[in-house]
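Hi everyone, thanks for coming. Let me put the model up on the screen, and then we'll walk through two interfaces.

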Amino acid sequence: MTRSLSDDRPDDSAKPAESDGDAVDDADPAAVTGGPGADDRGRIKVGVGELAVTTDESTLTTSGLGSCVAVALVDERAGVRGLLHAMLPAGEGRTTAASRPAKYVDTGIDSLIGALDDAGADPRRLEARVAGGAEMLDLTDAVGPRNVERVGEVLDRAGVPIVASDVGDTVGRTVRFDPDGRLVVRAADGFERAI
Amino acid sequence: MATRVLIADDSEFMRNLLREILEGEFEIVGEAENGVEAVNMYEEHGPDLVMMDIVMPIRDGIEATTEILEENPDATVIMCTSVGQEEKMKAAIKAGAEGYITKPFQKPNVLDAIGSAV
Amino acid sequence: MRVDVRALGACNRLAERGAKQAAGALSDLTGTDLAVEVTGASVASGEDLAESFAGRESIGVSVGLRGGLDGEAVLAFDAVNADALLSLLPGGQSMGRSAVTEVGNIALGGFLDGWANYLGKAIDMSPPRYFEADGAAVLPDGALAGDGVFLFESRLDATTTDLDFSIYMLPDSGPFRDLIVGKTAPAVTAGGEADGGTTSTAVPYESLSTFSSLAKRGSANAADNIAMMTGLETSVDVSRLRFVPLADVPAEVGTEPHAGTVFELQGEPSGYLAILFEESSAAAVADAMLPMETDEPLGDMAENALCELGNVMTSGFIDGWANVLGTTITHSPPEFVHDIGASTISPLVAKLSERQDYGFVIDTAIQTEGIQARCDVYALPDERELARALDRLSES
């Protein structure tokens, strides 16, 4: 009996019924491209609390960085790039971290490195660029700076150097991770800076 | 001699698509729009293979498959459907289908499924 | 009958995955890229829905559902895009309806697969039906009849064309309620809520529509307050209570610069409230409030004016809740924001995400006449506290 299912898209986790109560897993990256479907000028949007990896010329973008922090990792030789948009510093030990690792800096970076590895990158060759972590509002205590601090700690532990960053301050940012490996950071007034 | 195929699908669009995919290498002996027609056309033409949609009015593909196989245990039926539900696949296997492909599909998937079944 | 909000979250997740599957199928069929922009469940009265959908002309494909889920699902798109869609489908031009019907069939099949697999029960789909509809008639049967129906909605945006799709699923409420209640794993809560065995995130199903109408009234109050302060005729364009992944909210606000005010809410429920105008609207409204001309459109004076406006609107919003819920809800002084829209709301979302992944979002669009200005109000209550308050409401 043959069963040829056409839905073998890369991000379909092919998991049937989830057996543990009402948990529906989302541990897979939002997108992994590089297959036949991706085109040269593909744009992959990474949402809040998500990550994505690409092995081709796609641009990875994410917006709405207030206190959130974006971590862009690249292995230049392998041509593999990944972008994480994390909201909160520490997921370790939290129940939601298993199903949504990208929400947190620590589990998010670990997942991102794992996904990059799966896509053919060498974790030892990775370089990081970081943006975000602003202190946007008095209302929400200094999540931004704490995110940035945690990024530093986790990348240090993983042996990944931060080659450039645009963090802190009180402004919102939108970023674009280009195929050339540079992170273009854009503020509300449209001013762009490539790091 | 080319394999003789019966197509059963309530969608004209889909029948057209399948016909285009198959007509080079296969002989299309008929196109049914529902399960009752599928069974009748099977009796009339005795095809080597049936490409059977599941969701059809009057009688669905799983029932039609069951009926065809009751009278013709050697019949070969491949389900072509938009429904990828596991329970439906199990039901199709139970009814005797030899293959199951989900829409949308490309020509290679169809030919692979047929190759394995026939 | 109680509904664990987290079970709703699981359902939302299923709807999201279903939408992704449908998007994939549609991308394959049309050769264009489609992304799922947002998926949520809304609790809305027929009246609210009629308002939100007014003026639209849609083409849709509907399938009836029976088995694991009962109800109806619809794939719809704007009628003006019909030709564009047909030109993308093989043989589409000559087959018109049949092509569209089959596309709908395939997309909805993809949408439902995940639900069926999760439930371990087949969902039978009736043969698809093509239809054309004005306004809210595009929605599944029963959406307009209800007092507060649960409608699952997904929007699929085409990245390079205007060909966007929506998927609506309306499960029959009785069986769906049972489903959510049945799928609820008894929650183990820190500090245990011990009254009557309630889980701390359980909400009486019926009270959701109460909350929905509260939200609506709050929006109307807020609009009245704008009118009083600006002298501009103001109306509520749309106001809906939705249940969405919090992480999706910043993308909805978008990347255009916005200005407005944000507040922290304390009490029951606590949470946040954001009142955001697109830059030009903010300037226009501030202008209408200030007695004299200002040098810069959104300078200090405008900031003050918008803060005061925000204050009054927020009070209008939450006073109604507090009265009906029988609780006290206070709000912090306004904090002025002026930045990329998504960035102004993401810190609030991040904070709330410490405790929950999904949330009830009341999103309201308020329109002023005369000068073209529009603001969006996002109220993000803490789900546990909201549950508690609604719980007590239903007991009184």
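Which side chain does Arg100(A) meet in a salt bridge? The partner is Asp357(C), at 2.9 Å from N to O; a salt bridge here is a side-chain nitrogen of Lys or Arg within 4 Å of a carboxyl oxygen of Asp or Glu.

Quick housekeeping: this is a predicted model, where local features need pLDDT of at least 70, side-chain atom pairs count only at pLDDT 80 or more, and totals for chains, interfaces and linings use all residues. Residues are numbered from 1 along each chain as its sequence is written, chains are lettered from A and ligands numbered from 1 in the order in which they are written, and side-chain values use heavy atoms, leaving out hydrogens and water.

Back to chains A and C. Between them there are two salt bridges. The contact (heavy atoms within 4.5 Å) draws 42 residues from chain A and 43 residues from chain C. Together the chains bury about 3400 Å², with 53% on carbon and sulfur atoms; that is accessible area (1.4 Å probe) lost on putting two parts together, summed over both.

Now look inside chain C, which is divided into domain 1 (2-182) and domain 2 (204-395), with bounds from an automatic or database domain assignment. Their C-alpha centres lie 29 Å apart. Domain 1 of chain C brings 29 residues to the contact and domain 2 of chain C brings 21 residues. About 2200 Å² is buried between these two domains, 54% of it from carbon and sulfur atoms.
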